Amino acid sequence: MKNFSTLALFVLVSLSGLGLVLRPAHQTPEPPNILWITCEDMSPHLGAFGDRVVKTPNLDRLAAEGVRYSRVYSTAGVCAPSRSALITGMYQTSIGTQHMRTLQADPFPHKSSPVKSYSAVLPAEVRCFPEYLRKAGYYTTNNEKQDYQFVPPVTVWDESSRKAHWRNRPAHKPFFSIFNLVITHESQIWARDKETLLVRPEDVTVPVYYPDTKTVRRDIARHLSNVMRMDSIVGTILQQLKEDGLYDNTIIFFYSDHGDGLPFVKREVYDRGLRVPMIVRIPEKFRVKGSKPAGSTDDQLISFVDLAPTVLSLANIPLPGYLQGQAFLGPKKAATPRKYIFAGRDRMDTELDRVRAVGDGRYKYYRNYMPEKPYYQNINYRRGIPMMKELLQLQEEGKLNATQQLWFRKTKPEEELCDTRTDPNEFTNLATQPAYRAKLRELRAQMDAWLKNVGDKGAMSEAEMLKQMWNGNSEPPKTADPELVKSGNAVALRCATPGASIGYVLNRGADQLNVWQVYAGKPIPVQPGDSLRVVAHRIGYLPSREVKL
């Protein structure tokens, strides 16, 4: 036995010298840091995705070290509804966040919305998924845009500001950080009009639904120049990770919030409005058997509702049962890949419509609930794009060709079916052709099943939905004040409002902290002289009063 112990010690020392000592089987694996770099209003305009005009060396390098996901779809062709799906893992149409947008900065009546400003009331069980990460010990940061269609509770982020950064976290704490890059947003086409173009207008490809004019080419070139500048910002963020020695401890996602911010693209539920580029780089230490090799492409269908469960899966956190998406990475990855993606279009500012879409990766089925409405919506904000003004002028003068005129059709059929492989612009409706009857029935049935499964708040008027959310009142309900139950040297917290998250700040002695912590259900140890501030908030309700101990 003595000789065995000596031999074991020798082997252990030898392995230690080589840096090969393994963790004991019972030791918890190191949690990965997770970084989201998101940009706005951008279709797959990256070199790694085949674009030959735009130069994106930083994202191309990330793609070479990670995996390109080629069939990723937003749940809406506009930011706020799609962002509500990202942060909750729920379809916006099922939770009442489908109208663009619900929160208004200007007083009612608004210039961009027919209803008063409101924070959508979500089902009681639904949380913003970073709250689960915080409960598991993660430091969560958001820099800076939220735009979820509701005011998030203080329990969601450790930081949400222009200065939010993983660098502000306590030492050795894992982080989940988001950086939202707005430089590719629709508005930057006119806001950056004086900047030097990095793409020559004569080099861009003009889609067939636009006239080939100087203004159109310049606006496309401006958008692509903004993409190149965005890539440079990505490079800076990645360099910071490397400087901090975190590059190989961090799982990195890059994606856009929906398709290009150009006319007849943004706000649409066509593939060009929904499909986005996505890159995921997983360091070698976190890769599992069967993972796609670096530099490869993954063609599985992915919806934005899948990102919340995927991040929780990668962090090895149990998935809440209410989630409508499925994980595509990590230990809780779904056994069966997704077969269909779903999307919706509802009110866009002052313009009302209701369209639902389902796709299988090739065929797309559209259900137009308001066929009497035109395809084109006269959205004032979009008219800030120079080419949009020109398109309207040419349309009025009768100078658009038949293809360019399609957007301005006065009515829509109740159903549309398109083959995105042979008809990528989705101009040909196959719904009435006998050869496609089986595919029409299949996707129609999938639409019916989806609507039955998740529900559709768009079936009622927005005013009616708001009244329902507010329990028949004209103002939102208020979250009940939290209760503090002290027992010995600990305080338990609770709230009578179902679905309320509870946040607290514990100050001890001279340490005056202002970061709200998420209450995870365990009593909080307190000492004489401590001060405790507590607030409760159900999403969509007004927050409670702040209660102090």
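Predicted model: local features only at pLDDT ≥ 70, side-chain atom pairs only at ≥ 80, totals over all residues.

User: Over how many bridges do strand 14 and strand 15 pair, and in which sense?

Analyst: The general idea comes first. Strands of a sheet pair through backbone hydrogen bonds, either parallel or antiparallel. Here, strand 14 (residues 483-487) and strand 15 (residues 490-494) are antiparallel, with five bridges. Two residues sit between the strands of this hairpin, and Gly488 has a positive phi there, near 65 degrees.

User: What is the order of the strands in the open sheet of four?

Analyst: The order is 10-11-12-13, and the pairing is antiparallel. Strand 10 (341-345) and strand 13 (415-419) are the edges; each has a single partner strand, so one side of each lacks a neighbour in the sheet. On average, neighbouring strands are turned by 15 degrees against each other, ignoring direction.

User: Which residue of strand 13 is the bridge partner of Tyr366?

Analyst: That's Glu416. Strand 12 (residues 363-368) and strand 13 share five bridges, again in the antiparallel sense.

User: Which helix packs on that sheet?

Analyst: Helix 11 (residues 437-454) does, touching strand 10, strand 11 (355-359), strand 12 and strand 13. The direction of helix 11 makes about 60 degrees with that of strand 12.

User: Now for helix against helix. How do helix 2 and helix 7 cross?

Analyst: Look at axis distance and angle together. The axes of helix 2 (residues 57-65) and helix 7 (residues 214-243) come within 7 Å, crossing at roughly 55 degrees. Angles of 65 to 115 degrees would count as roughly perpendicular and those under 35 as roughly parallel, so helix 2 and helix 7 are oblique to each other. Helix 2 contributes Pro57, Asn58, Leu59 and Leu62 to the contact, while helix 7 brings Met230, Asp231, Ser232, Val234, Gly235 and Leu238. Sorted by class, that's six nonpolar, three polar and one charged residues.

User: What span does helix 7 reach, and what follows helix 7?

Analyst: Compare the end-to-end span with the expected one. Helix 7 has 30 residues and reaches 44 Å from first C-alpha to last, close to the 44 Å expected at 1.5 Å a residue. Gly245 follows helix 7, with a positive phi near 70 degrees.

User: Where is the pLDDT below 50?

Analyst: Start with the whole chain: its mean pLDDT is 94, and 94% of the residues reach 70 or more. The stretch below 50 is residues 1-26, which has six contacts in the model beyond near neighbours in sequence.

Conventions. Residues numbered from 1 in each chain as written. Heavy atoms only, no water. Axes fitted to C-alpha atoms, helices over the stretch in contact; angles between N-to-C directions. Parallel < 35°, antiparallel > 145°, perpendicular 65-115°, else oblique. Contact = heavy atoms within 4.5 Å. Nonpolar A, V, L, I, M, F, W, Y, C, P; charged D, E, K, R; others polar. Pairing = 2+ DSSP bridges. pLDDT = per-residue confidence, 0-100. Expected span 1.5 Å × (residues − 1).
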